[in-house]
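Me: I would like to learn how to read a model of this kind, feature by feature. Please take me through the one shown here.

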Amino acid sequence: MHLKCTQSRVPNNAVRVKGNNVKSLKYVITAAAAVATLTLFGCAAGVAKSTGGIGEPSATDISGTVTFWHAYSADSPEVKTLEEVIIPGFEKKYPKVTIKDVAVPYDNLHQKLVTAVAGDQLPDLVRADIGWVPELANLGVLVPLSDDMSDFKALAATTYDGSLATNKWKDKYYGLPLDTNTRVLLYNQDVLTKAGVAVPATVNELIKAAPALKAAGAFAFADNGAGGWNMLPWIWSAGGDITNPEVTKASGFLNSDASIAGVQNLVTLEQSGYLPDIILGGSGGLATSDGLASGKYATILDGPWMYPIFASQYPAFTLTAAPVPSGPGGSISVVGGEDVVLTTSSTNKAAAAEFMRYLLSKESQLAMAKVGQMPVLKDVGSSLTQINAYFAPFSEQLKTAKPRPVTPAWSQIDTILQTEIRAAITRDKTVKQALNDAATQADALLAQYK
Amino acid sequence: MTTPTAAPLTGARRSATSRRPRFVAAGTGRREILAAYVFVVPGFALYALVMLYPAVQTLLLSLRDWKITPGADSPWVGLDNYIRAFADPVFLNSLVNAVVYTIVTVPLQIVIGLFLAALLDGKLPGRVAFRVLFYLPVVTSWVVVSLLFQYIFSSNDGLANFIAVDTLHLADANINWFQGRWTGMLAICALGVWKGIGWSMIIFLAALTAVPRELHEAAAIDGAGTLARFRYVSLPAIRAALSVVAILLVIGGFNVFISVLLMSGGGPGNQTQVPLTYMYDQAFKFLNFGYGSAISFSLTALVLVVAAIQYWWTRRTMRS
């Protein structure tokens, strides 16, 4: 909002001072300097008051309006499914309840939530990126479902452990998994055939295949950054980790020998010319998907949402998937997805909780699966491949996939990882130095949330 | 109007020596002052509401570890956020980047803007069309041109690589502009210059138009050539406009934001952060609103000092 004003700086002021009136300059400059620089934060007073209990499962006396913010894609059939299948299905069951859904573009949702927290304007329910849940929980705006929802345990038990874990903050659960995904190895079979190499099942096989792939004109692997989402599969598969299980300390984990080895694998590949330097994290390079389809990249790691994208952009290209190349720690990928959370400022918690239950029902989960959202329910795994065959490798990978460390400090740790690993790739530091430095900085951040 | 005795006298005496209108000279009366305030109030009220109040709030925020949740305890931390900022290598780097951006873009905008203004001040066929063309980037949205420049500087088939590598052979292989700090800053600076030239051109053009033709004619009779006339007639006459443009461009340079946010996002790895993008990250991404406010205020203070020095220097040279 106001930020945008900072560069609309000059014209009006300037035209007024043309000519020789230097004295008026002083005022123009003072005003322009102040106007241009200050960033304005709105803030509102007032403490959120919660009213209404959370309700019992399948209560029949619920009524009122429930507001639900989400970032389901309006370009794909996701919003349509929500508005034409799921919400009508719920409202038919509970005719006195109206669900008001608000689609917010993903890139704007975090900022909108932050503003809404400050202004005490949060909706009843939010479909939040799994990374935002500990942050929002730490702000005290989410209802601890594990305390307040009588059937929380039963609901939680039906979902994948890796997805459920993303809702935990300080021994309480503040949300329920809604959809999930993970990254697997996507490869270009033509390139592998041309180079005469098999699909790399292990990291070592990938490293061994790299020279042959280079001779065939392709980079062995490509990724567009060195943050957690990118690096965690390599670190975990090498047997390393980011933090201790309590997420209070990074030293001894992020800079352990196994973590160093995991990062070193990629750094060595890059420095030998087998990885494109988009891993440095800058914009403007050949995107991983474009590189894979055009045969410039032999393998990439990516999620299930890429299938519809490849189908529309590269209809002639057959996308093939395999598990993340394994190392001493196994084949461990990173969990993505969204959770649904209930806010403390909700005035209709009973109806909102009932809608949460409905979102986790088999019918809602399968309806969303049809448009590419992977369900979080353990027992729909087998029927998934009937809906979308390409879900199979992802379902398999999800069995061992882990979430990123669940902490409000994650977005900052993520930036630190990107910065430090970049320094290792550009040879400004050794991998060991880089991860030591990253661990020290992460320790300081984690200490704030102990 | 005012009291019948003193005011007309003062007015009459003053009017003999000054060209100021009478009502200003007589403006010591309360009603005039009141009337002046009445005219000032609406503008000031708006300014106070949308600028002053939030600015003061921001200053207060910068002295706290501010929590966004209403009612949450936001402890007073004094100058801690400021101390943190000036020990933060990323913030210091961002200042260096802003200084580099300013040093690169301001002189180029002034020189090229002035050159174009001098050209378009002459009787050129189709000069209105040229004026519009050169001014067009100024009115184009920052978002649109930032994305456009991202394409121009894309590492594969971008126009910048085509010119630098394929045409001029400045490098052997395609340059990955946004993977490095200085190549990224170069792209950002290129956009800043391209978008800013038209604005300085228009100001200079307005100032040049105001230079009396007689001065040029007199100089020409004295045997001054085109360059000499520009140097000794035009340039001194537009000095005020030059300093205004310089000062406002420097302020704008330190406040570069949208282009960096959209083209590089401050990345890779904070390499191309400028103070405002870093402030934005800290406040809206990491929810460190107190720290973000401290960064804003540090930048404000810095810009005020730089602008004050420029102003003082301008006034001194003008007097001499």
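Me: How many helices and strands does the secondary structure of chain A come to?

Reply: This is a predicted model, so every value here is computed. Chain A has 20 helices and 10 strands. Of its 450 residues, 52% are buried. For contacts in chain A between residues at least 6 apart in sequence, 76% join residues at least 24 apart.

Me: Which order do the strands of the open sheet in chain A have?

Reply: The order here is β2-β1-β3-β10-β6 in chain A, an open sheet of 5 strands with mixed pairing. β2 (97-103) and β6 (175-182) of chain A are the edge strands, each pairing on one side only. On average, neighbouring strands of this sheet are turned by 20° against each other, direction ignored.

Me: How many bridges join β1 to β2 in chain A?

Reply: Strand β1 (residues 64-70) of chain A runs parallel to β2(A), and 7 bridges join them. His70(A) in this region stands opposite Ala103(A) of β2(A).

Me: What is the pairing sense of β7 and β8 in chain A?

Reply: β7 (residues 184-187) and β8 of chain A are antiparallel, with 4 bridges. Opposite Thr299(A) in β8(A) stands Tyr187(A). Strand β8 (residues 299-302) of chain A is covered on both faces: Thr299(A) and Leu301(A) are buried on one side, Ile300(A) and Asp302(A) on the other.

Me: Why is helix α11 of chain A described as largely enclosed?

Reply: Count its buried residues. In α11 (residues 228-237) of chain A, 10 of the 10 residues are buried, so the helix is largely enclosed by the rest of the structure. Among them are Trp229(A), Trp234(A) and Trp236(A), along with Asn230(A) and Ser237(A). The cover over these buried residues includes α10 (203-215), α12 (257-271), β8 and α19 (410-425) of chain A. After α11(A) comes Gly239(A), with a positive phi near 95°.

Me: Which residues have the most contacts inside the largest nonpolar core?

Reply: They are Ala220(A), Val263(A), Ala298(A), Met356(A) and Phe204(B), in a core of 192 residues. Helix α9 (residues 181-209) of chain B gives the largest share of this core, 14 residues. Take Ala298(A) as a case: apart from neighbours within four places in sequence, its contacts include Tyr187(A), Leu213(A), Ala220(A) and Phe221(A).

Me: How do I read a pair of packed helices?

Reply: Two packed helices are described by the angle between their axes and the distance between the axes. In chain B, the axes of α14 (residues 275-285) and α15 (residues 289-319) come within 7 Å and cross at roughly 165°. That makes α14(B) roughly antiparallel to α15(B). The crossing is left-handed. Residues making the contact include Tyr278(B) and Met279(B) of α14(B), and Tyr291(B) and Ile295(B) of α15(B).

Me: What about backbone angles?

Reply: Most residues other than glycine have a negative phi. Leu287(B) has a positive phi, near 60°, and its place is in the loop between α14 and α15 of chain B. Asp171(A) also has a positive phi, of about 70°, and lies in the loop between β4 (168-169) and β5 (172-173) of chain A.

Me: Is Leu287(B) buried or exposed, and is Asp171(A) buried or exposed?

Reply: Leu287(B) is buried, because 23 other C-beta atoms lie within 10 Å. Asp171(A) counts as exposed, because it has 7 C-beta neighbours inside 10 Å. The cut-offs are 20 or more for buried and 12 or fewer for exposed.

Key
Residues numbered from 1 in each chain as written. Chains lettered and ligands numbered in written order. Predicted model: local features only at pLDDT ≥ 70, side-chain atom pairs only at ≥ 80, totals over all residues. Pairing = 2+ DSSP bridges. Helix = DSSP H or I, 4+ residues; strand = E, 2+ residues; numbered from the N terminus. Axes fitted to C-alpha atoms, helices over the stretch in contact; angles between N-to-C directions. Core = buried A, V, L, I, M, F, W, Y, C linked by C-beta atoms within 7 Å. Contact = placed C-beta atoms within 7 Å. Parallel < 35°, antiparallel > 145°, perpendicular 65-115°, else oblique. Left-handed = near helix turned anticlockwise from the far one by under 90°.
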